[in-house]
Amino acid sequence: MDTNADARQLRIAFQQYQYAIESVPCPGSFASIHAAFKELSDNNFHIPQKRWLNAFELAFVSNYTAMFGTNKRKQKRIIALDAPLNKLKKLWKLAEESSAYSDRPDYAGTFALRITYQQLPHVIHPARVLPMLSRMNSLMSGNEMSAYTPKKFSVDCDDLFKVTKALFQRFTQVSMQTDRDVAGIAGQDTLAAALNLFCATRLERTIFQKKLEVKSAAEKPYEINSLLRYPIIRHGEELYCPYPQLIGYAATRGLFFRCCDEDGDKFRAPFARSNESYVSRLLSEAVPDAEVLTEDDERRLGWGGKTNDVTVIQGDSAVLIECKLSGLYVNAKRTASPENVIADVRKQIADAKDRRGLFQLHDKLRAIQSGALPQKLFDKYKNVKHFYPVLLLFDDISQANAAEVLGNIIRDELRANGVDAFEYQIWNLEELEWLTEQSGADSLSWIAEKFSSKYQAMDLNSFVADKAHKEFLRPIMYLPEGNTRAIQILKGLVAKYAVAQSN
């Protein structure tokens, strides 16, 4: 099929989806959607008897219903969503078949970044939400952030996160609340600040979604969902939240991206320092008999070369952590084209020009092993035989450690700049927190196991799910129907790694 015919078919498919949405009652459908999300999360987002139901598609339909669903006065209370979901499935299938794939076998899985960024923001088990809110409260109130947050939101940080928690808990029970229902959960100013952050009318949502809009119908299924910013839907004096866990997302990563967009480095710089301090405290508390060194500690001991943000030393092992806020920009997340991903890797993950990211970890490790450190600092490392370098993100890159997804792109960039046979891991902060919670004082032995060949390509949450039997941490990924190229590639990779592990 030629390109023009493909584009026309996609435009028609998107129009048919929109027509189907215009028949979905708004707000009448939100109780049914709320029930469907609860059923999904109760089953760790995979119901074998309902393989057609997944969180991304349900959230996509919810968002478009909030903007374009019919608002006739008389509405049914129980809604069948078959029509819009089926139209969306067709659009997604066509879009994925027209999307970018690499012709290089070693980059064959890069497309998975597009799928995971499309889906994983919507796969949030309820057990994750309160830890997410607690973590973000600490980050937004730590160090220099204690001045930023009240000025930005006109409310104390603790109060903001208390009311956010209360909203999540209320909407978990019932999908609709009135202004009168929620009036007592916090002071008037605090409640108003939270609702201003996480709530939008139909018009406000439509205006905001326009800013996120992509013109190509082929990219529509990968468009950012306004529910990630505004999970609560205002309809007169009524408030609807079809998917309460997105309150947790909006108040954490959603708030992070919002502040980055609105304030740039005025927010990013102090937040990065707060993030580094949080990681240091987290590891000090989790492994109390280990020595935790920050970059400032190493500078005070006389080191002036390339270094990392946090190091944990226990016995003959050391974990070297370099903290970064994010790894890929929005265009690479949405398209997952190797060209866009490579460009972002060079800026964010492996910056050879300024020796940042993974190069920082490599150069620090080389300095330790060559004895280039000042004596007082070298004494800290003199008994260490096993090093575990970790690039730790606040944002997430799911499947970042899988070779054919991102690992081979990073390997080639490192190798092109003189770094070979360098074993590292890319994790995110939430994953590290789950690991320390489940492993406690054994954190370093778990980390050593994660670096083993058996687990190296896994996401850290998948590893913790295996070790601690926490199935809700395991990411679930769906693909569009049909024998698409994506399915063929993934089946080939699964078979390849099954053989490798059996040898």
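Colleague: At what angle do helix H21 and helix H23 pack, and how far apart are their axes?
Modeller: Axes are lines fitted to C-alpha atoms, for helices over the stretch in contact, and angles run from 0 to 180 degrees between N-to-C directions. In this predicted model, helix H21 (residues 429-439) packs with helix H23 (residues 460-468) at about 20°, the axes being 9 Å apart. Because angles under 35 degrees count as roughly parallel and those from 65 to 115 as roughly perpendicular, H21 and H23 are roughly parallel to each other.

Colleague: Which residues of H21 and H23 make the contact?
Modeller: Contact means heavy atoms within 4.5 Å. From H21 come Glu431, Leu432, Trp434, Leu435 and Gln438, and from H23 come Leu460, Asn461, Phe463, Val464 and Ala468.

Colleague: How do the axes of H6 and H21 cross?
Modeller: The axes of helix H6 (residues 126-141) and H21 cross at roughly 110° and come within 11 Å, so H6 and H21 are roughly perpendicular to each other. Ala127, Arg128, Pro131, Met132, Arg135 and Leu139 of H6 make the contact with Leu429, Glu430, Glu433 and Trp434 of H21.

Colleague: Is Ser326 buried or exposed?
Modeller: Buried means under 20% relative accessible area and exposed over 50%, with partly exposed in between (1.4 Å probe, protein chains only). Ser326, in the loop between strand E7 (317-324) and helix H16 (330-335), counts as buried because its relative accessibility is 14%. Leaving aside neighbours within four places in sequence, Ser326 is in contact with Gln348, Leu393 and Asp395.

Colleague: What should I know about numbering and confidence?
Modeller: Residues are numbered from 1 along each chain as its sequence is written, and side-chain values use heavy atoms, leaving out hydrogens and water. Local features need pLDDT of at least 70 and side-chain atom pairs count only at pLDDT 80 or more, whereas totals for chains, interfaces and linings use all residues.

Notes. Helix = DSSP H or I, 4+ residues; strand = E, 2+ residues; numbered from the N terminus. Parallel < 35°, antiparallel > 145°, perpendicular 65-115°, else oblique.
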